Amino acid sequence: MTDNGKKQSILNRINKLKDIKTLDSTELNILAEEIRTIIIDTVSQNGGHLASSLGVVELTIAIHYVFDTPRDKLIWDVGHQTYAHKILTGRKNRFHTLRRKGGISGFPNTAESIYDTFNVGHSGTSISAASGIAEAKCLMGEDVKTIAVIGDGSMTTGMTYEAINWAGSRGKNIVVILNDNEMSISPNVGAISAYLNRLMTGQTITQLKLDIKRLMKNIPLVGEQMIKFTRQMEESLKAFFAPGILFEELGFTYVGPLEGHRIDRLIKTLENVKNFQSPVIVHVITKKGKGYRYAEENPAAFHGISPFNIDTGKPLLTDKLPPIPSYTEIFGKTIMKMARENPRIVAVTAAMCDGTGLTQFAREFPKRFYDVGIAEQHGVTFAAGLATEGMIPVVAIYSTFLQRAYDQILHDVCLQKLPVIFAIDRAGFVGEDGQTHHGLFDYTYMRSMPHIIVMAPKDENELQHMLKTAISCGKPVSVRYPRGRGAGVPMDDEPVSLEIGKGEIIMEGEDMAIIAVGSCVQPAVSAARKLKDENISVMAINARFIKPLDEKLLCNTGRLIKKIITVEENVLMGGFGSAVLELFAKEGLSDVTVKTLGIGDMFVEHAAQEELRRMYGLDEEGIMAAARTMIAM
Ligand SMILES: Cc1ncc(C[n+]2csc(CCOP(=O)(O)OP(=O)(O)O)c2C)c(N)n1
């Protein structure tokens, strides 16, 4: 797998992207293997999106071979599959820094390379962006090609259809390359996925012929006229069900399905497609994880993977870690426990069954589990519909992806006061996936909506209690928790309901108060403990609720203690600290000095979670430093 020696020579010869155009078919195939080796080596050390990137190595080479990038504009959907693209477009020598602090990003980033046309990380944006770019180029009178590469999973997003609807009617010459590996993160879902599958296997036509033959057999007297009529019918129906007819009807020329690992054939077809002057969709069949046995066998596990041993395919980290469950696992277990007792509890995920901890739930309650595809907006309104009929939907979505369902939460859930529970995973810093994936906005967007209860647990035990509270209260609720392991605290046997809008004092103190929420409570409490050794007496409060705030506790604190620090892993604007300041302003507590710790008006780069907490002053040290500064004032 890693025998570079002689083979590496081809990639070493590629100093500029255009050098690949001098390679013959055999050399291009060797190049693909060399690129694969580098991707596997690097991801095994740094973690990353392995299976998707391995699946498009040949396709990436073919696209760059045929099109004149960066003059021609190449836009990737999601962007997690762009490792070969990065290696070919001037980043091979820095590829070992992938996803590391200060290193290259795991996603296309316009600040990183002129070959990255559009920043991306969320699914379903490519055809819209490509349409806009094609439109602009047309307005400027520039004859360039715009190419969008989108996976079959991303064909489940609503935005994709908004874009196809638009692009098909505008008739601009954009090329949509549909990279079909039949997988989202898990196997793809929905009617479009089934349609693509029929295109791949040619099943529609075969089935149609069988149906027609069966029909004819059932007719006792088949005269000349009848045979003629039947043939005509077969022909016209065949035309109707011809491959890609759905796309053709929407204004795209459909080409495919093509074998996605044959560079020579891909190049030939793309050379032809290049001459089209109207929208075209090229349907390419690839294998997720191609070229690395373990990823081919288990593409879901190798979709996004932490460092692993190349020879065994096993993760490197987990063996060494003490067995502390993740927040995700505690969520999954608690929901299962409660679902066993309450048949009205149902679970909704948007293509992240594993990631959100719902795999066991899906197994035990297949009828009460819904994977709606990469369709967060639909998922939320679907849950609202379920709730109108007495169900208690638990919608488990990562903080960053729920952003696109703001209006559905507001208009479809909160406005009708429906008891939908938002279990918001990966909130706060997510680490190496970086700026497109951090969950730093949900306090702000959730807090702004009437009727919703917004909470965040300080540890995994409190998470189970908050989930119980959410299920019991009959209102829209948001519970957010971070990526990664819990704090390792003992778990109570049974989850219990908490009093809504009630925080807790964890440590008494007099000189100042630190009011923290969610993942910031632990570092705040340890900071308070250490500050005691420096003769600074600190009250440490776990706010628990971002909305409704524990107004009594907070105002009493503000009346007694005039120096207060709030801590949250969220943007400061409209977040928890803002809520405290608004409360103090409302109550006339103008003599309290409040320092809000959180994220300023910016997007946060990629680095490990601990590094980011340190960099943004949200770890124990950062909180202590802020406290010392405040005491010195
Ligand atoms: C809006 C949104 N929701 C969820 C995700 C998480 N996610 C990343 S990749 C992926 C699957 C994408 O499948 P596909 O487009 O077929 O690409 P493949 O990985 O199969 O190449 C999902 C669900 C996301 N990036 N964006």
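Helix α2 (residues 25–46) and helix α5 (residues 83–91) have axes that come within 10 Å and cross at roughly 115°. This makes α2 roughly perpendicular to α5; angles under 35 degrees count as roughly parallel, over 145 as roughly antiparallel, 65 to 115 as roughly perpendicular and the rest as oblique. Axes are lines fitted to C-alpha atoms, for helices over the stretch in contact, and angles run from 0 to 180 degrees between N-to-C directions. Helices (H or I, at least four residues) and strands (E, at least two) are DSSP runs, numbered from the N terminus.

The model is a predicted one, in which local features need pLDDT of at least 70 and side-chain atom pairs count only at pLDDT 80 or more, while totals for chains, interfaces and linings use all residues. Residue numbers start from 1 along each chain as its sequence is written.

The crossing of α2 and α5 is right-handed; a crossing is left-handed if the near helix is turned anticlockwise from the far one by less than a right angle, and right-handed if clockwise. On the α2 side, I35, I38 and I39 meet Y83, A84 and I87 of α5, contact being defined by C-beta atoms, placed from the backbone, that lie within 7 Å. The residues of this contact divide into six nonpolar, no polar and no charged. Here Ala, Val, Leu, Ile, Met, Phe, Trp, Tyr, Cys and Pro count as nonpolar, Asp, Glu, Lys and Arg as charged, and the others, Gly among them, as polar.

From α4, the contact draws on E58, L59, I61, A62, I63, Y65 and V66, and from α12 on I263, L266, I267, L270 and E271. By class, these residues comprise 10 nonpolar, no polar and two charged.

Two open sheets are summarised below; strands pair if DSSP finds at least two bridges between them.

| Strands in sheet | Strand order | Pairing |
|---|---|---|
| five strands | β1-β2-β3-β5-β4 | parallel |
| seven strands | β7-β6-β8-β9-β11-β10-β15 | mixed |

In the sheet of five strands, the edges are β1 (73–76) and β4 (253–259), each pairing on one side only. Its neighbouring strands are turned by 20° against each other on average, direction ignored. Four bridges join β1 to the parallel strand β2 (residues 146–151), and K73 stands opposite T146 in β2.

In the sheet of seven strands, β7 (369–371) and β15 (545–547) stand at the edges with a single partner strand each, so one side of each is left without a neighbour in the sheet. Neighbouring strands are here turned by 20° against each other on average, direction ignored. Strands β9 (residues 421–425) and β11 (residues 477–480) pair in the parallel sense over four bridges, with V477 in β11 as the bridge partner of I421. Helix α20 (residues 460–473) packs on this sheet and touches β6 (345–349), β8 (392–398), β9, β10 (453–455) and β11; its direction makes about 170° with that of β11.

The domain assignment of the protein chain gives domain 1 (9–202 + 243–297), domain 2 (327–480) and domain 3 (504–632), with bounds that come from an automatic or database domain assignment. The C-alpha centres of domain 1 and domain 2 lie 32 Å apart. Their contact takes 20 residues from domain 1 and 17 residues from domain 2. The side of domain 1 that touches domain 2 has four nonpolar, 15 polar and one charged residues.

Note on methods. Two residues are in contact if their C-beta atoms, placed from the backbone, lie within 7 Å.
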